[in-house]
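Welcome, and please take a moment to look over the sequence and the model below.

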Amino acid sequence: MKKMNSCLVFSLYALLINFFMYGCATFSQSPDVLAVVDNEPVTIKDLSYSLEVAHRKQDLAYGSEMNIPSYVQKLVDDKLVVHEARRMQLDQNQAVQQKMDAYLLRESVVRLHDEEILQKISVSDDDVVSFYNKRYQQFYVDFIESDSEEKINDVLEQLKNGADFQKLSKDYPVSSYTKNSEGRVELKGHSIETQLQEILFGLSPGENSDVIPKIDKYFIVQLIDRQDPPIENLEKIRGQLKKYLKKQKEAERSKEYLAELHEQSDVNIDRDILEEIRLDIEKGEREKWLEDDRPLVTVYDAVLPVRVFAEKVTEDFDKSKDTIINGWLDMHLVDHAALNRHYEKETVLSEQIGRYEDQLLKNMYINKIVLPQIKVSEELLRQYYDENKEHYTDPPRFKIEQLVLKAEEEAREIFNSLKEGGDFTWLAQNMIEKSSGSKEVASEWFTKGSLDPAVGEIIDTLEPGDFSPVLKVLDRFKIIRLLEKAEGKTKGFNKIRDILVRHYIENQREKIYRETVDKLKEYADVKVNEKAVEEFGKLFQKK
């Protein structure tokens, strides 16, 4: 049987639209409504989202058939619970509102980043080629090195007065780079440290740099020659370079956009308070500022109090204060710009927000109403354990000896010899010697689930010492002999008590949730377009 094509999941929305637009347009005068719960529709978009979530949790393309009616029924059940949560005003709960605000902010910032950053940058083929030609050049250079700043400055003065670089370089040999037989240092552009890169890119052949300080040494470099990289090597790293350039342009555009936001904003920094703050003197002084609620920085409706600023400041106050304030401003300016665009008015985000809130309300209802009803005791756990021992029992194991052959004719020959009383192991080993390794004998323990399906189907019918008929497994032929059988052992209560507690709570939560839904249905007005659901479900049946 063919398994469901995963494309059905990923193109689900278009499939649903086509089906309901042309296949079933009579339910409630709306072609995309699968059910109605107290006048609120369950739509094909809801089903699409539900199936996408299910697909992320498990590979539906390679699992069992999709039970579409059960997905629709779950949507109906969840809708009933969400309605009850709203009736109880759980949507006014502070935790729910905070999560909703955070979700809206997060999604708005993502859209702002897409509009102001990603959509305003691009990397062309010319950009890639230009970058490759520049960064992957081969440089041939010479160095003069000294550990004395006075000496290296004297050398630079000599070079400015016309002294020969190569002659001077012999008097000041370089130890940090290896020269070739021609007295040159060969460097590849992309592997050079940034400081030296920029210097070499700015030099023409024959020119030398100013003094370059580096840790405890000083250098002067002369560019002797440069060569463009072989263009045929570009294709090997084109994709990598394009990603790098995109990240680089994204960072540049982000910096540019933040500068625009700073310029457009009305930022107020209380410089008098900022000058007063000294956190690196002594602990008592620091504690004072950590309790100070006065506003230090304000922008739009956001306020950075002194105490929050004090928490962020390190001991290196003079070095970090601007970084701290600018970092705080960057975040709040972006947040303000994102929320000010009101992306929530757009249909797509509006629907996402609705689904997210429904999920929060469902979880809140479970936490506040369902879970408190669950009682856990030693007696209840023991009862649950006794009723579900089969779930906590290791599966039976089978020790088998199996003969794997390439040729069916040989397998039949061995099988016939076995029926006449031949010894399994002797026959197998004897045939292996004759066939130069075309067969193998293996003896080990297996669970039924780890066996080939063809072997698993007959293993329960064998007793120790029995052998199977010839079994075809892929492109091989097998004969197995059951050597030993070990019955499954039930895991002791005390060893799995923590697991039992978790499973018991999950079981009770589902039971109480189910009972709750059933009660809600007694007073709810629920209509399901059974015909449409049934017809659509056929699209996901195995063929």
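## A tour of the chain

Leaving out neighbours within four places in sequence, Ile325 is in contact with Ile269, Leu274, Val297 and Phe309, where contact means heavy atoms within 4.5 Å. Ile325 belongs to helix H14; helices (H or I, at least four residues) and strands (E, at least two) are DSSP runs, numbered from the N terminus. With 3% relative accessibility, Ile325 counts as buried. Here buried means under 20% relative accessible area, exposed over 50%, and partly exposed in between (1.4 Å probe, protein chains only). Ile325 and Phe309 are 16 residues apart along the chain, and their C-alpha atoms are separated by 7.9 Å.

Before going further, please note that this is a predicted model, in which local features need pLDDT of at least 70 and side-chain atom pairs count only at pLDDT 80 or more, while totals for chains, interfaces and linings use all residues. Residues are numbered from 1 along each chain as its sequence is written, and side-chain values use heavy atoms, with hydrogens and water left out.

### The chain as a whole

The secondary structure comes to 21 helices and 14 strands. The chain has 543 residues, of which 38% count as buried. Among contacts between residues at least 6 apart in sequence, 73% join residues at least 24 apart.

Ser108 has 0% relative accessibility and so counts as buried. Not counting residues up to four places away in sequence, Ser108 touches Ala338, Leu339, Tyr343 and Leu349.

### Helix H10

Now turn to H10, which covers residues 234-264. This helix has 31 residues and reaches 42 Å from its first C-alpha to its last, close to the 45 Å expected at 1.5 Å a residue; the expected span is 1.5 Å times one less than the number of residues. Where is the kink in H10 centred? The kink, of about 35 degrees, is centred on Gln240. The bend at a residue is the angle between axes fitted to the seven residues ending there and the seven starting there.

The buried residues of H10 are Leu234, Ile237, Leu241, Leu245, Arg253, Tyr257 and Leu261. An α-helix has 3.6 residues a turn, so residues three or four places apart point the same way.

### Helices that meet

Two packed helices are described by the angle between their axes and the distance between the axes. Axes are lines fitted to C-alpha atoms, for helices over the stretch in contact, and angles run from 0 to 180 degrees between N-to-C directions.

| Helix pair | Axes come within | Axes cross at roughly |
|---|---|---|
| H6 (residues 125-135) and H10 | 9 Å | 105 degrees |
| H4 (residues 68-87) and H21 (residues 530-537) | 8 Å | 135 degrees |
| H15 and H20 (residues 497-523) | 11 Å | 105 degrees |

Angles under 35 degrees count as roughly parallel, over 145 as roughly antiparallel, 65 to 115 as roughly perpendicular and the rest as oblique. H6 is roughly perpendicular to H10. In this pair, Asp125, Asp127, Val128, Val129, Phe131 and Tyr132 of H6 meet H10 residues including Leu234, Ile237, Leu241 and Leu245. By class, the contact of H6 with H10 has 9 nonpolar, no polar and 5 charged residues. Ala, Val, Leu, Ile, Met, Phe, Trp, Tyr, Cys and Pro count as nonpolar, Asp, Glu, Lys and Arg as charged, and the others, Gly among them, as polar.

H4 and H21 are oblique to each other. Ile68, Pro69 and Val72 in H4 meet Val533, Phe536 and Gly537 in H21, a contact with 5 nonpolar, 1 polar and no charged residues.

H15 and H20, in turn, are roughly perpendicular. From H15, Lys362, Tyr365, Ile366 and Val370 meet Arg509, Ile512, Tyr513 and Thr516 of H20. That contact has 5 nonpolar, 1 polar and 2 charged residues.

### Stops in the loops

Asp38 sits in the loop between strand E1 (33-37) and strand E2 (40-43). Although Asp38 is not a glycine, it has a positive phi of about 50 degrees. Asp38 is partly exposed, with a relative accessible area of 35%.

His342, in the loop between helix H14 (317-339) and helix H15 (347-370), also has a positive phi, near 50 degrees. At a relative accessible area of 36%, His342 is partly exposed.

Is Glu390 buried or exposed? Glu390 is exposed, with a relative accessible area of 52%, and lies in the loop between helix H16 (378-387) and strand E10 (397-405). Glu390 and Gly488 are 98 residues apart along the chain, with their C-alpha atoms separated by 9.6 Å.
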